[in-house]
Amino acid sequence: MKLLKNCSLISDNQIINRDILIDEDTIVEIAEKIKKQTGWEEIDIDYKFVLPGFIDFHVHLDDEINGVPIADNYDSGTRVALKSGITTLFSFITQRKGETLRDAVNRTHEKAKGNLWCDVGWHLTPTTFDDESHKIISELIDEGFSTFKLYTTYKKAGIYSSYHEIEEFAKKYVNQQILILVHCEDDDLIRSKAIKTNDTSLSNFVRVRSKTVELTAVNKILRIARRTGAHFHIVHVSTAEAMKVINKLKYNNFVTCETCPQYLFLDNTNYSKLNGEQYICTPPLRDKENNAKLIEGFKLNYFNIIASDHCPFTQSQKMIGRRFYDKAPSGLSGLDFIPYLTSNLFERDFEKAKFLQQKLSAEPAHLTGLYPDKGAIMVNSIADLVVVDFDNEHSLAGREGIYNPYSEITTKLNISKVMKGGEFVVSDGEILINNPKGNAL
Ligand SMILES: [Zn+2]
């Protein structure tokens with residue numbers, strides 16, 4: 001038994017002080033005062049905030065973008081996650097040319113095996129939709145996969161689905177409680193703009209993947225959501241326009257959405273810097289005014305969750321984008337930064353803790369069906385916990401070799417301890433365990 005004394009918890013709209021008793025990997029009691037018994041280990045949390053382990057819903061690991069391998073595999077990615085208090089993350093399994101979705105699942109599980117420092121679940125991306133493929137999809141749903149990701153762009157990469165295919169997919173599985181994540185950028189619009197200008201310089205990148213490109217795809221997906229009644233989740237919403245139309249539909253619960261720190265903290269003036277290619281991500285960064293509107297929307301609960309869209313490349317891998325944005329690997333590092341940046345959106349410590357708990361833990365747990373095993377501090381919840389305070393201002397460190405676009409930003413969030421499955425696995429930024437103990441969900 002582990003007894004955590006003097007924990008500050010967020011409950012409803014207030015801070016409450018509680019002791020938490022943990023048996024193996026499960027929370028078994030929460031009370032104002034729990035008296036230590038012989039044989040119990042007691043840890044004084046000293047009134048720091050104790051939050052449920054963070055859950056990052058959108059993480060790319062051990063994959064390729066534009067033929068370039070991502071700089072994090074399962075080992076390195078889940079280590080970084082754990083240090084950031086992320087005890088569960090969701091990554092992607094993408095069916096490649098010449099393989100079935102089943103092959104892709106097996107390939108990924110093989111890579112992940114023995115390398116997970118936090119728990120990992122997967123969203124599936126099927127890329128063929130014939131009878132045999134649907135048979136496999138149905139089997140995988142029966143086996144417990146419940147989230148799928150489809151793309152309205154990236155024809156060349158072979159992961160594009162037409163709106164018609166997306167609608168048929170939604171209709172077919174609407175009664176099986178699946179969640180369909182969609183990357184919304186209209187491929188036809190992108191291509192027509194790119195062909196018209198034939199300019200692969202970075203300055204054209206933002207013009208080609210414009211706000212209209214996102215809004216067009218979002219509107220089409222929303223119509224499909226309305227027609228089919230399927231649950232759609234729009235990933236990495238980058239424009240205030242898209243945020244607003246999504247929220248008009250939300251009352252029916254047909255649609256949920258996320259945004260990512262880069263669309264709140266970084267803007268498109270970075271593309272005119274000397275190293276502008278380091279900021280290439282899709283959708284691209286937008287203007288400052290747009291950032292402010294998204295932040296406002298985030299505070300008004302327009303976004304169900306915040307997710308990192310972690311997809312890091314080394315600085316040299318990204319260099320190709322300096323002349324050919326269309327050949328550059330698209331994506332930024334996020335696992336290192338997401339809780340810090342999210343906390344920076346708020347003034348008061350209470351708000352910082354509350355929104356971290358909601359948007360980076362409870363809500364993603366609801367979306368993935370993990371709540372209240374995860375995403376909650378309740379009796380019978382799994383003891384995945386993050387101990388934080390907001391006492392020391394420090395800069396965002398990042399990692400060697402991977403460009404840190406947030407190096408000028410400071411934060412007050414300190415992650416002092418991380419507990420996973422009832423065991424302290426991180427203390428003051430250092431991983432305490434010698435072997436990875438994460439589960440494949
Ligand atoms: Zn992504």
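Colleague: Is asparagine 392 buried or exposed?

Modeller: Asparagine 392 is exposed because it has 10 other C-beta atoms within 10 Å. The cut-offs are these: 20 or more other C-beta atoms within 10 Å of a residue's own make it buried, 12 or fewer make it exposed, and anything in between is partly exposed, with C-beta atoms placed from the backbone. This is a predicted model, in which local features need pLDDT of at least 70 and side-chain atom pairs count only at pLDDT 80 or more, while totals for chains, interfaces and linings use all residues. Residues are numbered from 1 along each chain as its sequence is written.

Colleague: Where is asparagine 392 found?

Modeller: Asparagine 392 is in the loop between S16 and strand S17 (394–395). Strands are DSSP runs of E with at least two residues, helices are runs of H or I with at least four, and both are numbered from the N terminus.

Colleague: What does asparagine 392 touch, leaving out residues up to four places away in sequence?

Modeller: It touches Lys412 and Asn414, where contact means C-beta atoms, placed from the backbone, within 7 Å.

Colleague: Domains next. What does the domain assignment give?

Modeller: Domain 1 is 2–51 + 380–431 and domain 2 is 53–367; such bounds come from an automatic or database domain assignment. Their C-alpha centres lie 28 Å apart. Across the boundary, 27 residues of domain 1 are in contact with 36 residues of domain 2.

Colleague: Which strands supply the side of domain 1 that touches domain 2?

Modeller: Strands S5 (49–52), S16 (385–389), S19 (414–420) and S20 (423–427) each give at least two residues to that side. By type, the residues on that side of domain 1 are 20 nonpolar, four polar and three charged. Nonpolar covers Ala, Val, Leu, Ile, Met, Phe, Trp, Tyr, Cys and Pro; charged covers Asp, Glu, Lys and Arg; the others, Gly among them, are polar.

Colleague: How many residues of strand S9 are buried?

Modeller: Nine of the nine residues in S9 (residues 86–94) are buried. S9 pairs in the parallel sense with strand S6 (residues 54–56) over three bridges, pairing being at least two DSSP bridges between two strands. Phenylalanine 54 has isoleucine 86 of S9 as its bridge partner. Strand S10 (residues 119–125) also runs parallel to S9, joined by seven bridges.

Colleague: What do S9, helix H2 and S10 make?

Modeller: With helix H2 (residues 101–112), they make a right-handed β-α-β unit. Right-handed means that, with the strands pointing away from the viewer, the path from the first strand over the helix to the second runs clockwise.

Colleague: What is phi for asparagine 6?

Modeller: Its phi is positive, about 55°. Asparagine 6 sits in strand S1 (residues 2–11) and counts as partly exposed because it has 16 C-beta neighbours inside 10 Å. Aspartate 309 also has a positive phi, near 50°.

Colleague: Why does aspartate 309 count as buried?

Modeller: Because aspartate 309 has 26 C-beta neighbours inside 10 Å.

Key. Two residues are in contact if their C-beta atoms, placed from the backbone, lie within 7 Å.
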